[in-house]
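Take a moment to look over the chain and the ligand before reading on. The text below goes from the domains to their contact, and then to the ligand.

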Amino acid sequence: MITLLTWSTPNGRKPIIMLEELEVPYQVVPVNIKEGEQFRPEFLGISPNNKIPAMVDDGVEGGSLSLFESGAILTYLAERYGKLLPPSGHVRYRALQWLYWQIGGLGPMAGQLGYFAKKDDAMPKEHFTAEVQRLFKVLDSGLGSNPYLAGDEYTIADIATYTWTLAMVEHQPQAVAELVAQKPALHEWLKRVGNRPAVQRGMAWKPPA
Ligand SMILES: N[C@@H](CCC(=O)N[C@@H](CS)C(=O)NCC(=O)O)C(=O)O
């Protein structure tokens with residue numbers, strides 16, 4: 001059985017969407033990062049960086065496998081079930097390219113914008129707004145006339161990038177709404193990915209009250 005230790009954030013939703021796409025059994029252990037549960041020793045034993053998501057798969061030959069970092073978890077699940085990341089070829093490497101771009105670029109910059117948007121200091125707010133806008137333009141031009149980031153195929157790169165792009169559209173509209181309206185490739189991609197039933201189930205997941 002696969003156990004996800006996660007919360008309802010852009011990074012936390014990625015493996016939920018993935019497991020919904022794969023239609024395999026899994027359970028979720030909520031880790032309330034607002035209450036500091038990411039610092040509990042039992043969670044740190046799995047995710048020493050004190051961040052969600054993390055995953056434990058106890059159905060693996062050679063003993064149970066625990067992982068942290070959403071990109072590693074998505075890659076593992078894609079390869080374990082043979083879906084959403086081809087084993088070789090152009091689509092695989094384009095998907096990995098965009099996955100790393102999201103993990104190293106869009107996610108951290110969007111996270112910083114979310115943090116500084118609530119503060120009084122204008123300088124970091126402007127800096128991270130400009131950076132997120134730049135990354136949105138990169139995303140739009142990267143899509144070009146393709147339906148998905150790696151080309152014709154929907155992959156783990158779309159899952160990873162979607163949760164953060166939507167978070168910006170919903171929570172930082174002052175920074176990105178106008179831009180998205182002017183970028184048909186980006187706008188259509190958001191709709192295309194957001195219409196997938198598995199994505200809708202993953203986005204609707206809520207921790208128990
Ligand atoms: N690069 C990591 C980032 C994970 C991350 O930033 N998680 C945030 C929630 S979205 C978190 O757990 N924050 C709690 C903390 O920093 O204490 C990944 O992709 O998994």
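What follows is a short walk through a predicted model.

Start with the division of the chain. The protein chain falls into two parts: domain 1 covers 2-84, and domain 2 covers 90-197. Taken over C-alpha atoms, the centres of domain 1 and domain 2 are 22 Å apart. Where the two touch, domain 1 supplies twelve residues to the contact and domain 2 supplies twelve residues.

Now turn to the side of domain 1 that touches domain 2. Helices H1 and H3 are the elements that give two or more residues to this side. H1 provides the largest share, six residues. By residue class, this side of domain 1 has six nonpolar, four polar and two charged residues.

The ligand comes next. Which residues come nearest to it? Around the ligand there are 15 residues, and of these Thr 9, Asn 11, Lys 51, Ile 52 and Ser 70 come nearest. H1 gives the most, with three residues. The shell around the ligand is made up of eight polar, five nonpolar and two charged residues.

Definitions and conventions: Residues are numbered from 1 along each chain as its sequence is written. This is a predicted model: local features need pLDDT of at least 70, side-chain atom pairs count only at pLDDT 80 or more; totals for chains, interfaces and linings use all residues. A residue is near a molecule or strand if its C-beta atom, placed from the backbone, lies within 6 Å of it. Helices (H or I, at least four residues) and strands (E, at least two) are DSSP runs, numbered from the N terminus. Ala, Val, Leu, Ile, Met, Phe, Trp, Tyr, Cys and Pro count as nonpolar, Asp, Glu, Lys and Arg as charged, and the others, Gly among them, as polar. Domain bounds come from an automatic or database domain assignment. Two residues are in contact if their C-beta atoms, placed from the backbone, lie within 7 Å.
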